[in-house]
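These are my notebook entries on one structure.

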Amino acid sequence: MEQHDIYGDYYWGPMTTTLDWCEENYVVSLRIAEFWNTVSNVWLMLPAIIGMITAYSKGMERRFIVAYAGVACMGLGSWIFHMTLVWEGQLLDELPMVYSACFLIFNIVDYEYTDSSSRNRVVGFLSAYAITVTVVYVYTRVATFHQTAYTLMVLVIAYYSYKRVRAEPFREARALFKYSLVSILLAYVLWNIDVYACDSVKRARAWAGPFAPLFQLHAWWHFGTGVSSYLQQVFACCCRLAHQGYEPELIYPWYMLGMPLLVTEVKSLPRAAKPISRI
């Protein structure tokens, strides 16, 4: 996964990224560098877009819409990265991961800070963290720095989500947390196999023939992180609604392929609800 100085006749020009994944470049399409790693981002984008549209139509707070939009932007950035294999595309993939995680952390821990000064400190810390990661990564281009920074955020999310699960009364909270955690852990295992056992993975693809796409493990990483990110956002939104006095309502439409869709109507406040904020 080292940086490559390749200046072949590629559709998007020379590869300038610091990472090159296990999928062979420009094999399936002459216009898409890593075809399967690109199209697999649909699973990051579509559920999040559906969630964003639903949140808007149900009158939910802007924070819900931004949360879903953050996941969709991760998918779009990753699409551009894997399609072009240029440094600017890599930034569009990796930096939104940090920003979306920051916003998710805020949504999960916000209920602990009822006064504005405490909330402002949380916002200030998360903003400073995101800016620091951005500046350091843009100037150093060290992939392990970004991976470490993001992993720390995932651990923080898991910790506070677990605390929230123990405190929340609505019954779906535990399932959302559990499946989100399992998805990201399985995806992380596949990501490491793709990185550290690439030669073996390529041999498996050669052996699999027409089923070779099933061994595109980085594409499966996108699927797993897409499921985990979406479920985590639904979990945070449910916690927020429960904290305000609503009963989170989840449905499972066929087009979500087994994943829940939060459809709580919040255009009018229940008696027990706390005021809806502007964020």
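**Entry 1: fold.** I read the chain along the sequence and found the pattern α-α-α-α-α-α-α-α-α-β-β, that is, nine helices and two strands. I took helices (H or I, at least four residues) and strands (E, at least two) as DSSP runs, numbered from the N terminus. The radius of gyration of the chain is 20 Å, close to the 19 Å that the globule rule gives for 279 residues, so the chain is as compact as a globular protein of that length. That radius is taken over C-alpha atoms, and the rule is 2.2 Å times the number of residues to the power 0.38.

I note that the model is predicted: local features need pLDDT of at least 70, side-chain atom pairs count only at pLDDT 80 or more, and totals for chains, interfaces and linings use all residues. Residues are numbered from 1 along each chain as its sequence is written, and side-chain values use heavy atoms, with hydrogens and water left out.

The C-alpha trace spans about 65 × 40 × 30 Å along its principal axes. I found that buried residues make up 50% of the 279 in the chain; buried means under 20% relative accessible area, exposed over 50%, and partly exposed in between (1.4 Å probe, protein chains only). Of the contacts (heavy atoms within 4.5 Å) between residues at least 6 apart in sequence, 67% join residues at least 24 apart.

**Entry 2: largest pocket.** I searched for pockets on a 1 Å grid over the protein atoms alone; a pocket is an open set of points where a 1.4 Å probe fits, with protein on both sides within 12 Å along at least five of seven lines, and lining residues have an atom within 4 Å of a point. Grid points are joined across faces, edges and corners, and a volume is the space filled by probe spheres set on the points.

The largest pocket has a volume of about 560 Å³. Of its 28 lining residues, Met 97, Tyr 150, Thr 151, Tyr 188 and Trp 221 are the closest to its centre. Which helix gives the most to this lining? I found α6, with seven residues. The helices that each supply at least two residues are α3 (62-84), α4 (87-109), α6 (143-167), α7 (172-196) and α9 (217-243). By class, the lining divides into 16 nonpolar, 10 polar and two charged residues. Here Ala, Val, Leu, Ile, Met, Phe, Trp, Tyr, Cys and Pro count as nonpolar, Asp, Glu, Lys and Arg as charged, and the others, Gly among them, as polar.

**Entry 3: second largest pocket.** This pocket holds about 240 Å³. Its lining includes Ile 105, Arg 121, Phe 125, Met 153 and Tyr 160. I see that α5 (116-140) gives the most, with five residues. The lining has 11 nonpolar, no polar and one charged residues.

**Entry 4: α9.** I checked the length of α9: at 1.5 Å a residue, its 27 residues should span 39 Å, and its end C-alpha atoms are 38 Å apart, which agrees. The expected span is 1.5 Å times one less than the number of residues. In α9, 24 of the 27 residues are buried. Gly 245 follows α9, and its phi is positive, near 105°.

**Entry 5: two residues.** Gly 89 is found in α4 and is buried, with a relative accessible area of 1%. Leaving aside neighbours within four places in sequence, Gly 89 is in contact with Gly 77, Ile 80 and Phe 81.

Val 165 lies in α6 and is buried at 5%. Not counting residues up to four places away in sequence, Val 165 touches Ala 173, Arg 174, Phe 177 and Phe 235.
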